[in-house]
Amino acid sequence: MPRHVAVLAFPSVRLLDVTGWLDGRRATTHWKHTAALARSYPQVTVEPDTTYVADGPVTTSAGVSAGIDLALAVVADPAGDHSLPAIAGRAGVSTRQLTRLFRRHVAATPAAYVESVRVEAAQALLAAGGTVAMAARRSGMGSDESLRRVFLRRLGTSPSAYRARFRSDTP
């Protein structure tokens with residue numbers, strides 16, 4: 001599986017430059033830093049007007065919000081194996097390093113982040129008219145009961161109540 005790297009700010013590019021990962025590739029970064037990136041790294045084709053750029057094994061993002069979009073695009077399947085060892089293995093870092101990186105850059109543990117992605121996926125599925133069982137399964141929550149507990153803790157409501165309130169096919 002290819003590695004994906006999110007460049008959330010221009011200083012992070014320096015590390016990738018030392019490794020040569022960006023040589024001859026397309027990349028993006030936060031809009032405030034695109035000109036400096038282009039000047040400092042002429043071997044990189046900078047795409048300033050995009051949220052993220054995937055070029056071979058490297059994917060770069062244009063900031064924190066874009067990094068979240070990038071993470072969702074890389075993860076793609078919220079119901080997949082996103083245990084700490086699995087994520088660390090895909091990122092090519094130790095579980096301790098992954099935890100440190102998440103705390104520093106996301107201000108959450110990897111498990112809390114995965115849970116938030118799964119809650120957002122379940123919300124979207126329920127709002128689109130999906131059943132609670134289907135939302136639980138496809139979002140990676142596993143069971144109706146697990147989804148119910150997480151919804152109550154995070155949103156203060158049940159999945160059924162959320163679906164009834166936000167379902168897009170209601171009049």
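# Exercises on a predicted model

Helices (H or I, at least four residues) and strands (E, at least two) are DSSP runs, numbered from the N terminus. This is a predicted model, in which local features need pLDDT of at least 70 and side-chain atom pairs count only at pLDDT 80 or more, while totals for chains, interfaces and linings use all residues. Residues are numbered from 1 along each chain as its sequence is written, and side-chain values use heavy atoms, with hydrogens and water left out.

**Exercise 1.** Find which residues of H7 are buried and what covers them.

Solution. Buried means under 20% relative accessible area, exposed over 50%, and partly exposed in between (1.4 Å probe, protein chains only). In H7, Val-132, Met-134, Ala-135, Ala-136 and Ser-139 are buried. Their cover includes H6, H8 and helix H9 (159–166).

**Exercise 2.** Describe how helix H6 (residues 110–127) packs against helix H8 (residues 144–155).

Solution. Two packed helices are described by the angle between their axes and the distance between the axes. Axes are lines fitted to C-alpha atoms, for helices over the stretch in contact, and angles run from 0 to 180 degrees between N-to-C directions. For H6 and H8 the angle is about 100° and the axes are 11 Å apart. Angles under 35 degrees count as roughly parallel, over 145 as roughly antiparallel, 65 to 115 as roughly perpendicular and the rest as oblique. H6 and H8 are therefore roughly perpendicular to each other. Contact means heavy atoms within 4.5 Å. Among the residues that make it are Val-119 and Ala-122 of H6 and Leu-147 and Phe-151 of H8.

**Exercise 3.** Name the residues that touch the most other members of the largest nonpolar core.

Solution. A nonpolar core is a set of buried Ala, Val, Leu, Ile, Met, Phe, Trp, Tyr and Cys residues joined through side-chain atoms within 4.5 Å. The largest has 13 residues, and Val-119, Ala-122, Leu-126, Ala-135, Met-141, Leu-147 and Phe-151 touch the most other members. H6, helix H7 (132–139) and H8 each supply at least two residues of this core. Leaving aside neighbours within four places in sequence, the contacts of Met-141 include Val-119, Ala-136 and Leu-147.

**Exercise 4.** Locate Gly-129 and list what it touches.

Solution. Gly-129 lies in the loop between H6 and H7. Gly-129 is partly exposed, with a relative accessible area of 23%. Not counting residues up to four places away in sequence, Gly-129 touches Arg-163 and Arg-167.
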